[in-house]
Every structure is written in C-alpha cells, then in structure tokens.
Amino acid sequence: MQLSNTPQQRYLLRIADAALILSQRNSEWCGHGPILEEDLAQANMALDLLGQARALLTQAGLPDGLDEDQLAMQRLEHQFLNPVLFELPHAADGRQPGDFAFTVVRNTLTAVWFTLLWTKLQSSRDAEVAAIAAKAVKESRYHLQHSADWCVRLGDGTADSHARMQAALERIWPYVGELFQADEVDAEAEASGLGPSWAGLRGEWQAQMQAVLAGATLTLPKDRPNAHGGRLGVHSEHLGHLLSQLQYLQRAYPGGTW
Amino acid sequence: MSTTQNEWPLWEVFVRSKSGLDHKHCGSLHAPDSAFAVQMAREVYTRRQEGVSIWVVKSEHIVASDPGEKGQLFDPADDKVYRHPTFYKLPSSVDHM
C-alpha cells in the first residue's frame with residue numbers, strides 16, 4: 001500500500017495506531033478478565049479506543065483516498081506508527097491471558113498521555129481532528145479514572161500485588177521515552193497547529209504519573225536509555241503476531257464483508 | 001480460589017434512565033467498596049446508554065418482606081377495588097395520573 005507519508009499523515013497515524021493496537025491488546029481480556037465486571041470494563045474501554053482509531057484513520061487516509069478499513073487491515077507491519085509501548089504483550093513470558101498488573105500500569109500511563117493529547121487536540125486547526133478529540137477526551141478521562149483506581153488498589157494492596165505492580169512498572173518504563181521523543185513530524189504538527197508536540201507533554205505527564213504512583217505506593221523507575229522506533233515503523237517482534245490476528249480475515253478473504 | 005471470607009460483598013444497583021425519572025433497580029454485582037461498585041455498575045449496567053445516574057447499596061442493607069408472609073401481607077388488598085381512584089372523572093386536560 002502506497003501512502004503519501006506527509007508529516008501530517010504520520011502524526012495522525014501515530015495516534016490512530018496507538019489507539020488501534022492498544023484496543024486490540026486490551027480486547028484480549030475479553031472472556032478472560034479477572035472478574036466479570038472488569039472483563040466488561042476492559043472490553044468497553046477497548047471499544048472506545050477502537051472508535052478513536054477509526055475516526056483518526058479516516059482522517060489520515062483522506063489525502064490518499066484510503067478508508068479506515070484499508071489502513072487498519074492492509075498496511076504492513078512497518079507502516080504502523082504506534083510507539084512500541086502499545087504493542088507489548090500483557091505478560092513478558094507469553095502467559096495467557098496475561099499479567100493484569102501490566103495491563104493496569106500500561107492503561108494508566110497511556111490514559112494520562114491520551115488525556116493530555118486529546119485535551120490539546122481539541123484546539124487543532126483541523127476542525128475534524130478537534131471534534132474527534134472533544135469526544136475522545138471524555139473517554140480517556142474515564143479510562144484514566146478507572147485505571148488509576150486499580151493502580152492504587154493493587155499498588156497499595158497486598159505485598160504480592162505491590163510487587164507485581166512494581167515489576168510491571170519496571171518492565172514498561174524503558175518504552176516510555178519513545179512517547180516524548182521530539183522529531184520533525186512532531187515539530188511540524190506543532191508549527192502547523194495540527195496538534196501538540198508530544199515532547200512538550202512530558203512535564204505534565206510525569207507530574208500526573210507521580211501523583212498516581214505516590215498514591216499507589218509505587219516507585220517511579222529511573223529513566224533508561226532506549227532505542228525504540230515504533231513511531232518510525234521499527235517495531236518489536238510482538239506487532240507482527242498481533243497483526244496476524246487483527247488482519248487475518250481481510251488477508252484470507254480480501255474485501256470480505258458480512 | 002477465593003474463600004467465603006475473601007469474597008467481595010454484593011451490591012444492588014439502581015439506575016436513573018433520564019433526569020426526572022426514578023432510579024430503578026436493575027441488578028447486582030460484587031465489589032470491594034462503594035466507589036468501585038459505582039464504577040463497575042457503570043461498566044455493567046450503563047454501557048448501552050441506559051442511565052444518567054447510578055445508586056448502589058449493599059445488598060445486606062436491604063430489608064425485604066418475608067415471602068412466606070405473602071398471603072397475609074398482600075392478599076387482603078385483592079377485593080378492595082375502591083382503593084383505586086377509578087371512579088372519578090378526570091378533566092380532559094389531565095394527561096397522566
């Protein structure tokens with residue numbers, strides 16, 4: 001698939017793919033949640049993310065005459081531009097259905113990030129993007145409330161739950177840096193008024209995370225250098241497996257509908 | 001597996017579907033405390049736009065009538081139709097009573 005790959009398109013795809021891939025990941029809990037109510041909650045929130053992804057993919061595809069389905073189902077792995085953080089499996093050892101502590105930690109730090117991002121995107125010079133953000137910010141605020149609540153309950157829970165939460169935080173931390181790396185796509189979006197530079201969100205993100213983690217009696221890990229390049233299409237080994245499930249139907253039956 | 005001691009308490013959930021209407025009982029769920037019960041009620045009972053407000057109350061705080069006393073409690077009302085205000089003519093301007 002040929003994409004025009006303008007900085008504007010890449011900026012939108014980075015956000016759309018973050019939402020799409022996290023949606024797919026979190027929907028893995030469907031039918032496997034730790035309790036019935038949380039099973040539903042994860043599915044509900046995954047559907048919110050899917051809706052956000054659909055809207056942004058539609059926007060991103062306009063210049064190339066591509067629709068949301070083509071972008072989601074027919075792009076190749078290196079054409080996905082989500083940060084690596086979003087594609088990591090729930091458990092490091094491949095255990096199914098996954099490590100719920102990791103799910104909670106990732107959902108919390110991505111919800112803080114999404115909330116900051118959507119808040120700023122509400123004043124995008126692109127009226128469509130601003131409208132998408134106005135709807136999405138309500139969803140991400142709820143995701144944050146829900147996830148931060150779990151974070152505090154498990155972090156400040158038993159010795160066992162605390163240890164699992166801290167371990168999940170240590171596991172995810174090296175991937176956080178990519179969320180705030182400045183590059184030309186970021187700078188161009190900020191300059192043109194399309195959306196905020198992600199790099200500029202770091203201070204506020206860190207402050208909010210610190211508050212949540214303090215309430216959860218968890219310790220902020222040290223920043224570690226990393227070289228993850230999901231936003232440039234350079235992914236971990238996990239994305240290909242995820243896409244093989246996500247895209248299976250359209251690969252097996254191109255254009256299939258029901 | 002959780003033992004009886006570790007089980008979360010049961011909560012009854014009431015949802016108001018529109019401003020101005022009553023909260024209606026719609027089901028129950030397990031949750032460790034009231035805040036979580038409200039959040040889970042939101043997930044389970046309002047995901048199809050069912051509500052604008054949620055109440056939860058611990059099931060153990062609800063005092064119920066004894067099903068065994070159904071006869072003596074409710075049957076005596078059976079033949080007292082005069083308790084219904086059906087013998088009054090309502091002005092046509094009154095739509096719903």
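Helix 8 of chain A buries four residues: A:Trp205, A:Met209, A:Val212 and A:Leu213. Keep in mind that this is a predicted model. Those four residues cover an arc of only 95 degrees around the axis, so they sit on the same side of helix 8 of chain A.

On the face turned away from the buried side, helix 8 of chain A carries exposed residues, A:Gly203, A:Ala207, A:Gln210 and A:Ala211.

Just after helix 8 of chain A, A:Thr217 has a positive phi of about 55 degrees.

Next, chain B. Here three strands make an open sheet, in the order 2-1-3, with antiparallel pairing. The edges are strand 2, residues 23-30, and strand 3, residues 53-58, of chain B, each of which pairs on one side only. On average, neighbouring strands of this sheet are turned by 25 degrees against each other, direction ignored.

Helix 1 of chain B, residues 34-45, packs on the sheet and touches strand 1, strand 2 and strand 3 of chain B. The direction of helix 1 makes about 125 degrees with that of strand 3 of chain B.

Now the pairings. Strand 1 of chain B, residues 10-16, pairs with strand 3 of chain B over six bridges. Within that pairing, B:Val13 has B:Val56 as its bridge partner, and B:Phe14 has B:Trp55. Strand 1 and strand 2 of chain B pair over seven bridges, and there B:Glu12 is partnered with B:Ser28. The hairpin of strand 1 and strand 2 of chain B has six residues between the strands, and in it B:Gly20 takes a positive phi near 95 degrees.

Which residues of strand 1 of chain B are on the covered face, and which on the uncovered one? B:Trp11, B:Val13 and B:Val15 are covered, while B:Leu10, B:Glu12, B:Phe14 and B:Arg16 are uncovered.

Last, the contact between the chains. Chain B and chain A each put six residues into it. On the side of chain B, helix 1 gives the most, with four residues. By type, that side of chain B divides into three nonpolar, one polar and two charged residues.

Note on methods: Residues numbered from 1 in each chain as written. Chains lettered and ligands numbered in written order. Predicted model: local features only at pLDDT ≥ 70, side-chain atom pairs only at ≥ 80, totals over all residues. Pairing = 2+ DSSP bridges. Helix = DSSP H or I, 4+ residues; strand = E, 2+ residues; numbered from the N terminus. Axes fitted to C-alpha atoms, helices over the stretch in contact; angles between N-to-C directions. Contact = placed C-beta atoms within 7 Å. Buried ≥ 20, exposed ≤ 12 C-beta atoms within 10 Å, placed from the backbone. Arc of directions from axis to C-beta. Nonpolar A, V, L, I, M, F, W, Y, C, P; charged D, E, K, R; others polar.
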